[in-house]
Amino acid sequence: MKYIAIIGFGVVGGGITEVIEQNKAAVKRLVGDEIYVKYILDLREFPDSPYGDRVVHDVNIIADDPEISVVCETMGGVNPAFDFSMLMLKNKKSVVTSNKELVAKRGVELLSAARQAGVQYLFEASVGGGIPEIRGMRTSLAGDTVSGIDGIMNGTTNYILTRMKKDGASFDEALSEAQRLGYAEKDPTADVDGFDAQRKIMILTAVATDMMADEGDVYRETMRNITPLDMDAAARFGGTVKLLGSARIGEDSASVFVCPFFVPSDCPLSFVDDVYNGIRVMSPVTADVMFYGRGAGRMPTAGAVVADVVSVLSGIAEKERSAKWEYAPDGYITPFEENSFSYYLRIRTESPEECAEAVRLAFGGAEILQGSPEGFAELITDEINEKDARSLFPSLEGLESHIRIMK
């Protein structure tokens with residue numbers, strides 16, 4: 001029997017027990033023995049749960065038990081999750097987690113502690129729910145160099161944008177529906193203002209480079225300003241609007257950012273709808289690799305946690321390349337303003353042709369987007385430096401929207 005513990009018996013933590021029970025035969029075949037959840041650490045009691053008798057309230061009970069070899073941390077947040085995880089690692093227990101905030105903010109220290117203790121710190125479930133993109137990047141792409149990442153990494157925002165695209169809903173209407181269905185929290189800030197995607201692209205960039213960015217260096221933009229007019233324009237452009245987490249990676253630098261984009265229909269990300277996630281990884285040898293699936297939810301995320309547990313208990317994790325992250329040094333993360341993009345512009349005007357000519361002069365070139373609503377000029381500019389574009393926006397009288405075009 002292999003004994004594990006769970007810290008945090010919420011949505012994902014509760015799902016772990018279900019996954020282990022449902023896949024008992026497959027897990028035993030891979031591990032060579034059954035997995036038994038010996039302890040569940042939580043502040044609450046669960047008298048109606050079949051696992052209620054395993055609930056403890058003192059973390060040291062788990063840390064001091066030599067039978068526990070793997071601990072699943074699914075409580076979320078940085079504190080006390082960091083302290084609990086560090087305690088387990090120092091007691092030579094591997095830790096697997098779904099906690100993206102913790103991995104993004106303190107993953108460097110936790111990975112270092114795991115190496116020193118000779119155990120594992122794994123976090124497949126922290127990005128993309130049940131999608132195995134982290135293990136795919138660490139193993140299948142280990143012989144290649146990742147040059148770029150683009151991802152729809154938040155199911156809530158993708159659901160909102162899908163409803164806006166398919167039903168013509170406003171942002172507020174689509175958000176209300178997402179909240180009613182349980183996809184969005186009562187306070188949707190982490191999702192719609194890009195914090196969730198920011199943490200995830202930071203993690204994927206670190207997986208690719210072994211350099212963890214400071215979140216203050218990662219540009220983040222809200223999607224609250226996207227309107228049905230933007231969605232209609234994107235369709236006429238030949239694509240759709242998506243909130244993307246992106247990284248452009250060089251030999252000794254990386255640019256990492258989160259913002260809405262016009263995604264053209266020749267990119268498979270444009271067809272990722274509803275609560276699904278899609279992550280495109282670019283490399284010079286393998287070229288584009290696409291990971292797709294349910295990026296959140298009780299069972300997909302719990303399944304990814306259990307996959308990490310199986311990886312540790314079967315010995316697979318020991319044979320995989322261990323992550324050795326460092327904090328990115330000053331200058332490694334390129335300022336967002338140094339990137340260049342083409343832009344969609346919507347400008348309220350009674351003289352579209354004159355407006356278009358003014359934009360061409362300012363931006364060095366632009367094409368009129370056909371089918372614009374009356375009283376507007378809509379244009380797709382030539383590629384221009386972000387810093388220069390920002391300096392020009394205030395001079396465009398009547399500018400209502402500007403959205404970057406995905407390369």
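Start by selecting Asp230, which counts as buried because its relative accessibility is 0%, where buried means under 20% relative accessible area with a 1.4 Å probe and protein chains only. The model is predicted, so local features need pLDDT of at least 70 and side-chain atom pairs count only at pLDDT 80 or more, while totals for chains, interfaces and linings use all residues. Residues are numbered from 1 along each chain as its sequence is written, and side-chain values use heavy atoms, with hydrogens and water left out.

Now show helix H11, residues 228-237, in which Asp230 lies; helices are DSSP runs of H or I of at least four residues and strands are E runs of at least two, numbered from the N terminus. Next, display Asn225, Val241, Phe262, Tyr344, Arg346, Ser401 and Ile403, which are in contact with Asp230 once neighbours within four places in sequence are left aside (contact means heavy atoms within 4.5 Å).

Then turn to the second largest pocket, whose volume is about 200 Å³ (a pocket is an open set of points on a 1 Å grid over the protein atoms alone, where a 1.4 Å probe fits, with protein on both sides within 12 Å along at least five of seven lines, and lining residues have an atom within 4 Å of a point; a volume is the space filled by probe spheres set on the points, which are joined across faces, edges and corners). Of its 14 lining residues, Glu221, Asn225, Ile226, His402 and Ile403 are the closest to the centre. Strand S19, residues 399-405, gives the most to this lining of the second largest pocket, with five residues.

Finally, select the largest pocket, which holds about 1100 Å³ of space. Val12, Lys100, Glu185, Ala296 and Gly297 are the closest to its centre among the 42 residues that line the largest pocket.

Technical notes
Buried < 20%, exposed > 50% of the residue type's maximum accessible area, 1.4 Å probe, protein only.
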